[in-house]
Amino acid sequence: MDVSLGMWALTVAALCVLIGIDFAIGRKPHEVSIKEAGIWSAVWVALAVAFGLGLLAFEGGQPAGEFFAGFITEKSLSVDNLFVFVLIMAKFAVPSHYQARVLMIGVLMALVMRAGFIAAGAAIISTFSWVFYIFGAFLIWTAWKLVQDARNEGHHDDYEENKLLKAVERRFGVADRYHGTNLFVRENGKRVMTPMMVVMLAIGSTDVLFALDSIPAIYGLTEDPYIVFTANAFALMGLRQLYFLIGGLLSRLVHLSYGLSIILGFIGVKLVLHALHESGVHVPEISVPFSLAFIVLVLAITTTTSLMVSKKQAERT
């Protein structure tokens, strides 16, 4: 796609307006009901579908197919990320009426930082075509690691703060309790972070770590930075509502990691084939329609089998 600077500016402005509306609605700390989460989850998905249909109408089937494949993949990876978000909320004992605010700021931080990843990825790909070999190998390795984590029930491990977060805590200090929605307070004449600030940083930095596999994954489906950015934006902006909507169902999605490993492995192979093709080797390339159909099929199968297994386990108990 040949996206003008004006279109980029218009898209970013529209996303900022949507984020502003989301902020205005969730400005007052409150417990998010299933009804509220369901309505807003549907709104975000509808906006993503509308955007994809707009691409179909104005740019054709190829960009629209790439967007939907990227959006579904990023959304699926985001669901897997929610397991860790649950652990973070428990680790920092975040009061239920503050969780929406934590997720809102954390996801916004992740969106801004991911924009940097996307720009860097686009620059690297445009300069070095061989980077597809690295992306492909990394995704295949990530797929294998997901399977190992699933076998070891990795989602049930305790959350451990990363080194960056620990360094920030040492530098600024942390208050011993929450002070409403304040991010900094003064204690004994010193300005320190509140637990609210720490947990927001934990959510944002953790999501950036997840971007290390999601960004190469979506670049395996499209090389267009505009589609990569918008697919990530729509997938992330509905993450807060999705957390409250399916929080209770996460433990039942026992096969999700296996499904995601298949998808990441598939995209990794697709990237390697593309890299070989770019190198002049005559190998078949995987089309966007086939990729989209494959991703949807894998997610449908793993979700169905997850719920069936969970139901049988519940009946036994």
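Predicted model: local features only at pLDDT ≥ 70, side-chain atom pairs only at ≥ 80, totals over all residues.
Begin by selecting glycine 38, which lies in helix H2 (residues 34–59). Its relative accessible area is 25%, so glycine 38 is partly exposed.

Next, select threonine 73 in helix H3 (residues 61–91). Threonine 73 is buried, because its relative accessible area of 2% is under 20%. Beyond its neighbours within four places in sequence, threonine 73 is in contact with Leu221, Ile263, Ile267 and Ile295; display these side chains alongside it.

**The largest cavity**

The whole structure holds two cavities of 30 Å³ or more. The largest cavity has a volume of about 100 Å³. To find it, select its lining: Ile19, Asp22, Phe23, Trp44, Leu103, Met104, Val107, Leu108, Leu111, Met237 and Arg240. Helix H1 (5–25) and helix H4 (99–127) are the elements that give two or more residues to this lining, and H4 provides the largest share, with five residues. Coloured by class, the lining shows nine nonpolar and two charged residues, with no polar ones.

**The second largest cavity**

Finally, select Asp22, Ile25, Val32, Glu36, Trp40, Arg240, Gln241 and Phe244, which line the second largest cavity. This cavity contains about 40 Å³ of space. H1, H2 and helix H9 (239–246) each supply at least two lining residues; the largest share, three residues, comes from H9. By class, this lining has four nonpolar, one polar and three charged residues.

Conventions:
Residues numbered from 1 in each chain as written. Heavy atoms only, no water. Helix = DSSP H or I, 4+ residues; strand = E, 2+ residues; numbered from the N terminus. Buried < 20%, exposed > 50% of the residue type's maximum accessible area, 1.4 Å probe, protein only. Contact = heavy atoms within 4.5 Å. 1 Å grid on protein atoms, 1.4 Å probe; cavity = no way out; pocket = protein on both sides within 12 Å on 5 of 7 lines; lining within 4 Å. Points joined across faces, edges and corners; volume = space filled by probe spheres on them. Nonpolar A, V, L, I, M, F, W, Y, C, P; charged D, E, K, R; others polar.
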